[in-house]
Amino acid sequence: MANFTCKAIKQTFITLLEERPLSEITVKDIVEKCGINRNSFYYHFQDLPTLLEEIIKEEAEGFIHSYPSVNSMVECFDAMIEFASKNKKAIMHIYRSVSREAFERHLMNVSEYFVQQYMDTTLKGQTIPDKDMQTIVRYYKCVCFGLTIDWLNNGMQEEHAQSVRRMFLIQKDFSKEISDFLQGQI
């Protein structure tokens, strides 16, 4: 029963986030819509920020597990857009709230995962020093993160996403260029 109640609280909160900004949602709103009492809410969650953090973390982890490998930076970016578009209004309400930091932290983790998977896939069998690989992953995770944030700042417009996607298509073989450059350095 506790697991059912926890899931109901989370789903109700997401539904409310689709309807209105985070600052306009209260524990009272959630418990009334769920049909539970306040004690049930506080049994599962300390407060709304704790609830939000858990939802963001679970969504990010679930999304990561749905991509065991990544074959291109376009796929990385498309995955980031898919992650952010899943609950578009809720994402924008979180992004424009005081809880933006939690969202950005998990978005950065998702970005790093996708870039790491891409590099592992495309550079498989290459001998690249760990320090160089860490630098490459750090750079491109920041690129993906920054472009996703830019897309969010522009209201999640499809044409903006297509423009960024096109940039990745233009430089699609950069992992080979990186590998060739680093092989010349070793």
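Guide: Let's start with a word we'll need: buried means under 20% relative accessible area, exposed means over 50%, and partly exposed is in between (1.4 Å probe, protein chains only). This is a predicted model, where local features need pLDDT of at least 70, side-chain atom pairs count only at pLDDT 80 or more, and totals for chains, interfaces and linings use all residues. Residues are numbered from 1 along each chain as its sequence is written, and side-chain values use heavy atoms, leaving out hydrogens and water.

Now look at Thr148, which sits in helix 8; helices (H or I, at least four residues) are DSSP runs numbered from the N terminus. Thr148 is buried, because its relative accessible area is 0%. Not counting residues up to four places away in sequence, Thr148 touches Phe77, Met80 and Leu107, where contact means heavy atoms within 4.5 Å.

Next, follow helix 8 (residues 130–153) to helix 6 (residues 88–95): their axes come within 11 Å and cross at roughly 100 degrees. Axes here are lines fitted to C-alpha atoms over the stretch in contact, and angles run from 0 to 180 degrees between N-to-C directions. So helix 6 is roughly perpendicular to helix 8, a label for angles of 65 to 115 degrees. Helix 6 brings Ile91, Met92 and Tyr95 to the contact, while helix 8 brings Ile149, Leu152 and Asn153.

Setting aside neighbours within four places in sequence, Leu152 is in contact with Ala84, Ile91, Met92, Tyr95 and Phe103.

Methods
Helices (H or I, at least four residues) and strands (E, at least two) are DSSP runs, numbered from the N terminus. Angles under 35 degrees count as roughly parallel, over 145 as roughly antiparallel, 65 to 115 as roughly perpendicular and the rest as oblique.
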